[in-house]
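I opened the model to look up a few helices and loops. My notes follow in the order in which I made them.

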Amino acid sequence: MKNFYRCLIITVVAVGTYIFGAFGAAVACMSSDTAKTTPLPVLMYHNITKKAALRSKYAVTAAEFESDLQYLQKNGYTSISVQQLTDYAYNGTPLPDRPVIITFDDGFESFYAYAYPLLEKYDCKAVVNVVGAYAKKYTELERQGNPDCHNLDYSYLNFDEIKKLADSGIAEIGCHTYDMHTLKGRRGCGKTSGESEEAYEKALSADIAAFRQASADCLDGDSLIFAYPYGIYSPQTPDILRKNGFIAVFDCTEKINRISRGDISYLFHLHRYNRPGGVSSESFFAKMN
Ligand SMILES: [Zn+2]
C-alpha cells in the first residue's frame with residue numbers, strides 16, 4: 001500500500017510539473033511575441049503629383065504626402081533607414097520609439113521634385129527603389145537635350161539626380177531590378193514555369209549585375225536593398241538575392257512587420273502598405289492599427 005501512495009504522489013508531481021511547465025512555456029511564448037518585438041510599418045509610395053486629377057492607386061498628391069508626414073510626426077513615429085534597421089537586427093543598435101520606413105518604388109522624378117524637399121522639411125528618410133533601365137533611358141534623354149525628359153507626370157530619375165539623392169543622407173537607393181519591371185513574359189523577377197533553377201538564378205543575377213554596372217558611377221558601392229516589382233517572387237528568389245549580397249528585401253504584402261534584436265529573418269520579407277491617392281492620412285494609417 002505504501003508503494004501505491006508513493007507511486008501516486010510521484011505521478012501527481014510529474015503530471016503537475018508537466019502541466020505547469022507547458023503553461024509556463026506558453027506564457028513565455030506569448031510574452032515574447034507581444035513584449036519583445038517592435039511593430040515596424042513600412043509605407044510604399046510610387047508617383048507623386050501636384051495635380052489632384054492624376055491621383056490613382058499609385059499616385060498621391062504632394063499635399064497628401066505632406067499630410068502623411070504630419071500624421072507620423074503627430075503620432076510619435078520616426079522614419080528610419082534600412083541601415084538603421086540592419087544595425088538593429090545584427091548588432092542590437094537601438095531604434096527610436098515607433099519606427100517607420102518610407103519607400104518609393106519605380107524611381108519617378110517627382111520624388112526629387114516634390115517628396116525630397118518635404119522629407120527634408122520633416123526630418124525624414126526614404127528608400128527609393130529604382131528601375132535601372134528607366135534611369136539609364138532618362139539619363140540618355142537628358143544628355144540628348146530631349147525636352148520631354150522632365151515631365152513630372154511620368155518622367156523617371158536620371159543617374160545624376162540619383163547620385164544627389166544617394167549623397168544627401170536622406171535617401172537610400174534600392175534595386176527594383178535593371179529590366180524586369182514588366183508583366184510581359186517573365187512576371188517581374190519571378191521564375192517562369194518550365195525554367196530550370198540554374199537558368200533562373202543566372203537570369204536574375206545577370207539583371208542585378210546590369211543594375212550595379214549602370215549605377216556604379218552614382219552609388220558609393222553596390223545597392224544592398226531590393227524591392228520586388230509587383231511584389232512577385234518565387235521560392236528561390238530570396239536565396240538568390242542573398243547570394244548577390246542584398247541585405248534587405250521589400251515585398252508588397254500589406255502587413256505590419258514585427259522586428260526584434262538578433263532576429264534577421266524578417267529582413268528578407270519586409271512587408272509594405274501601398275499608399276493610394278484620394279484617401280485621408282487617418283484612413284490610410286488606420287489599416288495599420
Ligand atoms: Zn514597381
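Before starting I noted how elements are named: helices (H or I, at least four residues) and strands (E, at least two) are DSSP runs, numbered from the N terminus. The model is predicted, so I kept in mind that local features need pLDDT of at least 70, that side-chain atom pairs count only at pLDDT 80 or more, and that totals for chains, interfaces and linings use all residues. Residues are numbered from 1 along each chain as its sequence is written.

**Entry: Thr177**

I looked up Thr177 in the loop between β8 and α7. Thr177 has a positive phi of about 75° and is not a glycine. For burial I count other C-beta atoms, placed from the backbone, within 10 Å of a residue's own: 20 or more is buried, 12 or fewer is exposed, and in between is partly exposed. Thr177 is buried because 23 other C-beta atoms lie within 10 Å.

Which residues of helix α3 (residues 82–91) are buried? I found Val82, Leu85, Tyr88 and Ala89. They lie on the same side of α3, because they cover an arc of only 125° around the axis; the arc is that of the directions from the helix axis to the C-beta atoms. The buried residues of α3 pack against several strands, including β6 (99–106), β7 (126–130) and β8 (171–175). I took contact to mean C-beta atoms, placed from the backbone, within 7 Å.

Just after α3, Gly92 takes a positive phi of about 75°. Arg98, in the loop between α3 and β6, also has a positive phi, near 50°, and is not a glycine. Arg98 counts as partly exposed because it has 15 C-beta neighbours inside 10 Å.

**Entry: α2 with α4**

I then checked how helix α2 (residues 62–74) packs with helix α4 (residues 110–121): the angle is about 20° and the axes are 10 Å apart. Axes are lines fitted to C-alpha atoms, for helices over the stretch in contact, and angles run from 0 to 180 degrees between N-to-C directions. The two helices are therefore roughly parallel (under 35 degrees; over 145 is roughly antiparallel, 65 to 115 roughly perpendicular, the rest oblique). On the α2 side I listed Ala62, Phe65, Glu66 and Leu69, which meet Tyr114, Ala115 and Leu118 in α4.

**Entry: Asp217**

Is Asp217 buried or exposed? Asp217 sits in the loop between α7 (197–215) and β9, and it counts as exposed because it has 10 C-beta neighbours inside 10 Å.

Technical notes: Two residues are in contact if their C-beta atoms, placed from the backbone, lie within 7 Å.
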